[in-house]
Amino acid sequence: MQNPAAAAIEIIKDEHRSMGAIVKGMQARVAAVKAGTEPLDVYLLRAMLDYIEMMPNRVHHPKEDEYLFRLLRRRAVEAAKVLDDLEAEHIRARELLATMRAALDATRESGGIDELERALDAYAAFLWQHMKREEELILPLAERSLDAGDWLTIATAFQANRDFAW
Ligand SMILES: [Fe+2]
């Protein structure tokens, strides 16, 4: 591996972009349904929701919690508070996604889409600020604080469990 730090950071940002793209895609579908330019496709919305629910739970957050955040806690004591917040947000993400799933079930029953739109917008707003804090605070701090051995551990774990592998 040429540069483990660059490789690990690229994987994290890639996975953020994938989640962000699907969330934006869902918002576009919902907006089009509301505008009357697209029919409601509950199955498509469910497939998109499956992705944004399973990808972070199975692939992305475990790697952050168990590798990046764990090693960063050891090397940068000042990161503890932000890391506590971000780990709590990984749990909060599950709750917001569960709300969205319930709203999608309600949409399937009633055809109404307002509740789904609210749940989706709440998750999108949450996700942007969460990923922004990771990219703007945690990744630069990690670049300053972690050593080559840490990055090799992180990059190896991150590459072994990539988005397209599950
Ligand atoms: Fe992340």
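Buried means under 20% relative accessible area, exposed over 50%, and partly exposed in between, with a 1.4 Å probe and protein chains only. You're looking at a predicted model, where local features need pLDDT of at least 70 and side-chain atom pairs count only at pLDDT 80 or more, while totals for chains, interfaces and linings use all residues. Residues are numbered from 1 along each chain as its sequence is written, and side-chain values use heavy atoms, with hydrogens and water left out.

**Stop 1: the whole chain.** Switch to cartoon and you'll find five helices and zero strands (DSSP runs numbered from the N terminus: H or I of at least four residues for helices, E of at least two for strands). The C-alpha atoms fill a box of roughly 55 × 30 × 20 Å along the principal axes. Of the 166 residues, 43% count as buried. Contact here means heavy atoms within 4.5 Å; among contacts between residues at least 6 apart in sequence, 80% join residues at least 24 apart.

**Stop 2: the largest core.** Select V23, M26, L49, I52, M100, L116 and Y123: of the 27 residues in the largest nonpolar core, these touch the most other members. Helix 1 (4–35), helix 2 (42–75), helix 3 (80–110) and helix 4 (114–145) are the elements that give two or more residues to this core. Another core, of 23 residues, lies apart from it, with L72, A79, A142 and I154 among its members.

Now centre on M26. Which residues is M26 in contact with, leaving aside its neighbours within four places in sequence? They are L45, M48, L49, I52, M100 and L120.

Stop 3: Pick L127 in helix 4. L127 counts as buried because its relative accessibility is 4%. Beyond its neighbours within four places in sequence, L127 is in contact with M19, G20 and V23.

Then hop to A32 in helix 1. With a relative accessible area of 10%, A32 is buried too. Not counting residues up to four places away in sequence, A32 touches T37 and E38.

**Stop 4: the iron ion.** H16 (NE2), H60 (NE2), E64 (OE) and E134 (OE) coordinate the iron ion at 2.0 to 2.2 Å. Donors are N, O and S atoms within 2.8 Å of the metal (3.2 Å for Na, K and Ca); water is not among the atoms, so sites may look incomplete. Along the chain, the donors are spaced H-x43-H-x3-E-x69-E. E64 in helix 2 and E134 in helix 4 link distant parts of the chain, 70 residues apart. Both E64 and E134 are buried.

**Stop 5: helix 3.** What end-to-end span should helix 3 have? At 1.5 Å a residue, its 31 residues should span 45 Å, and the end C-alpha atoms are 45 Å apart, so the two agree. The expected span is 1.5 Å times one less than the number of residues. Highlight the buried residues of helix 3, including L83, E89, H90, M100 and T107. Their cover includes helix 1, helix 2 and helix 4. Finish just after helix 3 at G111, which takes a positive phi of about 80°.

Methods:
A nonpolar core is a set of buried Ala, Val, Leu, Ile, Met, Phe, Trp, Tyr and Cys residues joined through side-chain atoms within 4.5 Å.
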